[in-house]
Amino acid sequence: MDAEQQEMILDFIAESQDMLDTVEPMLIGLGEEQEDEERVDSVNTTFRLFHTLKGGAGFLNLDTIKVVTHTAETLLQHYRKNPSIQDAECVDTLTRTTDLIRQMLEAVETRFEDTGFEAEAEGLIKELENNIDKFTDNPSPVAPKSPEPESEPVMETPVETEISPPVLEETPTEQPEEWNASPEVEATEVVSADTETFDIAELLLTPEMMKSYIQEAEEQLEGTEGAMLVVGQLGSDPDSAEYIETAFRNIHTLKGNSGFLGLSQIEQMSHKTESILAEMKEGKLIQEDVVQVMLRVIDTLRHGIKTLAEKQQLELPGYDGILQQLTAIVEGKPIPEIRPVEAAPVSAEQAPAGNPEPVAVTASTPAPTPPPVETPTPTPPPVETPTPTPPPEKAKPVEVAPAISLSDQETPAGSKPQKPAEEGTKKPAGARILKQPDIRVSINKVDQLINLVGELVISEAMVAHNPDLEGLNLERFVKATRQLNKNVRDLQEVAMSMRMLPISGTFRKMIRVVHDVSKKVSKDVKLELVGEETEVDRTVVEQIADPLLHIIRNAVDHGIDTPAERMAANKPKTGQIILEAKHSGNEIWIIISDDGRGLNREKILERAIDKGLVEPDADPPDGEIWKLIFAPGFSTAEQVTDFSGRGVGMDVVRKNIEKLHGRIDVTSTTGSGSTFILRIPLTLAIVDGMLIRVGNAIYVIPIIGIRESLQPKSGSITTTTDGVEMIQIRDELIPVVRLHTLHQLEPDATDLTEGIVIVVEDADQRICLFVDEVVGERQVVVKGLPKYFGELPHLAGCTILGDGDISLILDVVSIIHAS
């Protein structure tokens, strides 16, 4: 297998895994109560996934995946006929089908083949067939155990001497009433003389799939065009081989992607073009007229991609004529010319108002003559054709193939497409696909940009706060630095936004977790997602998956009561878990709440005393009790299960959140449920901080943790019997932490009334940090501490100040907990 085939397989795997992540929650939803429109959309999207997987696997000779997906697709076809079906056994079988497909994709990623899963596939296929038999009177056919690889179909279009104008017929496909209720699934078959019959319902695609396809197709055509222009200049020169190879690769990929999506016309044209490029790779057919035809193919495909993006319909001008030329080149025949076509004169009565509809005309096609009519009927105007083999910049092909509409409107033969719905009219999801000016950028380049922006922030601070400028009255300089600071902050926000990703992917994976765990523990649990469109830093997305997994599992296993307990407590039989994401200030909050039995204070305290975490006679507040569940090895489970009991999960939660410099708040009410709030800084690279001085050392305290700063008076200071200094601020006594004592520094002041105290907080806990001076507010870049320093307590990193000195960033949360 060559590198090109391996690259195609890897692309197929990546796209398939993304589709599985998207569809799996919809699949689970088929076993639950849903609105009719939502259910139809879920069924159609799920069916499309397996249909696309089947086509891609067949194209890449992944036969086991192909047979499994084909059987699953057959089962889903019954759901399409009757979307109201609710069958838990079917849903369970289909979810296990996605699991097996994931396993096979992982194997293909390393071995580039899906062998070794035949036994599992055969058993799963039998289960799928048993489910199929529920919905049909005739038993489903047994899928072949060892399917023979299908050879790639070779699509030929014979050149006819007389081709009549294409006839468009409106043939609605019969569908159940429930199906026709949704405009997304209306089907119209377009029949013409120069293309196959298309079922528009079969071509329903998600906006993400089409957007990705359109972007890649544009890049592939751009690369092919550049390569063919060079080939046209070099001719048979050996140096042209590299450019021919580039064009071949691009067209080969375009053909495969088009086949995946069911765009047969593009696939057919690309297949012919690929055959010609294969000949050119062997040193044949490198002729000027062949190159001109190839450039015309590129123009036609580019036009089709453009109409697909803007109009949701595929229009390939000159499809028949170009296909005839490509076929002639492949068969070694003279390239036919596209002769000018004269149109019948149009009478004044027959002149159309506005722009007329294009008519498909091919080589040797007589001009269409409109039939006699009693009322004015729009007819085609005279059509101009280009001269043979024109340069690509001026190519204006005349043949227009029937449009493959991806919209929800039916277009009767001979009529114009209906106008778009008025603004405010409800449209089906994904009904319009707009071309977006997006580009794909390597994440390494984005990280490099973030680092450079961080260095720019440091440089701006060095200029604006240069110690050599102290005491100078530089009004213009101050204005310039303010403008520079504004521009740097704007640049930082844009750069940071490039790292932001919606958290929906991570959230939706939890739907499967709840489904599987609830079945194993015999509970009925529903997961509700709120704010899944919230965008967070890429690092947060990567680090938050494990904590969510453990908290959700515990919520189902421990938190939610059994159905009997819920009925006895007058609760709904179905337990509910809400997973929510939202922005709060400079933090992202991820909230997991359930309506279960709540945390058992007595049981947690008893286990903590047994482990020596709490003194036997202690009576800590609820907040302290709840934090004990994050201790390593701590668990209140009586026995170890598949999901809990070892005391590892919540420890993982705590460690991962600490890596993100976040914190966890827990609240719980007996009998009503528990709530976990994961509070994570919105960005981890650049923070707003307050510079404070202790002796000769400068520290940074993140502003997000500061409540206020003040100079205490002697009357507000008190000392407890344990020797703890406290300051009364309003009606609250807050303990004091002397930073110079913590880090063994020589301060300017030791009397609390001569220094400054900064009140910092974490959730409902507060302390006063005693410092010598507040220097000012700065935007600082967080740098990691060198590893040779080892583990330094109470520090979150370091930064570089404007004068080039290094300042340590305090970890307020750890200081509060240590105090």
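**First stop: a helix and its salt bridge**

Select Arg249: this residue is partly exposed, with a relative accessible area of 33%. Here buried means under 20% relative accessible area, exposed means over 50%, and partly exposed lies in between (1.4 Å probe, protein chains only). Arg249 and Glu245 form a salt bridge, with the closest N and O atoms 3.9 Å apart. A salt bridge is a side-chain nitrogen of Lys or Arg within 4 Å of a carboxyl oxygen of Asp or Glu. Both residues sit in helix H8 (residues 240–260), 4 residues apart, about one turn of the helix. An α-helix has 3.6 residues a turn, so residues three or four places apart point the same way.

**Before moving on: how to read the model**

This is a predicted model, in which local features need pLDDT of at least 70, side-chain atom pairs count only at pLDDT 80 or more, and totals for chains, interfaces and linings use all residues. Residues are numbered from 1 along each chain as its sequence is written, and side-chain values use heavy atoms, with hydrogens and water left out.

Colour by pLDDT, the predictor's confidence in each residue, from 0 to 100. The protein's mean is 75, and 76% of its residues reach 70 or more. Select residues 138–204: the pLDDT there is below 50, and the stretch has 137 contacts in the model beyond near neighbours in sequence. A contact means heavy atoms within 4.5 Å. Then select residues 340–436, where the pLDDT is also below 50. That stretch has 158 contacts in the model beyond near neighbours in sequence. Where pLDDT is low, the predicted coordinates should not be read in detail.

**The whole chain**

Zoom out and switch to cartoon. The protein has 21 helices and 23 strands. Helices (H or I, at least four residues) and strands (E, at least two) are DSSP runs, numbered from the N terminus. Of the 819 residues, 45% count as buried. Among contacts with a separation of 6 or more, 71% join residues 24 or more positions apart.

**The cores**

Select Phe12, Tyr213, Met228, Ile266, Leu277 and Met280. These have the most contacts inside the largest nonpolar core, which has 83 residues. Such a core is a set of buried Ala, Val, Leu, Ile, Met, Phe, Trp, Tyr and Cys residues joined through side-chain atoms within 4.5 Å. Helix H10 (residues 288–311) gives the most to this core, with 11 residues. Apart from this core lies another, of 48 residues, among them Phe507, Ile588, Ile657 and Ile664.

Go back to Tyr213. What does Tyr213 touch, not counting residues up to four places away in sequence? Its partners include Leu254, Asn257, Leu261, Ile305 and Leu308.

**More salt bridges**

The whole structure holds 44 salt bridges. Is Glu24 buried or exposed? Glu24 is buried, at 8% relative accessible area.

Next, pick Lys333 and Glu331, whose side chains meet in a salt bridge (3.1 Å, N to O). Glu331 counts as partly exposed, at 44% relative accessibility. Now select Asp21, Glu24, Asp99, Arg102, Arg512 and Asp516: salt bridges that share partners join them into one network.

**The aromatic pair**

The structure holds 1 aromatic pair. Rings of Phe, Tyr and Trp (its six-membered ring) pair if their centres lie within 6.5 Å; planes under 30 degrees apart count as stacked, over 60 as edge-to-face and the rest as tilted. Select Phe630 and Phe676: the ring centres are 6.4 Å apart and the planes are at 80°, so the pair is edge-to-face. Phe630 is buried, at 6% relative accessibility, and Phe676 is buried too, at 9%.

**Last stop: positive phi**

Select Ser522, in the loop between helix H14 (504–520) and strand E7 (525–530). Its phi is positive, about 55°, although Ser522 is not a glycine. Ser522 is exposed, with a relative accessible area of 56%. Finish at Phe112, in the loop between H4 and helix H5 (118–134), where phi is near 60°.
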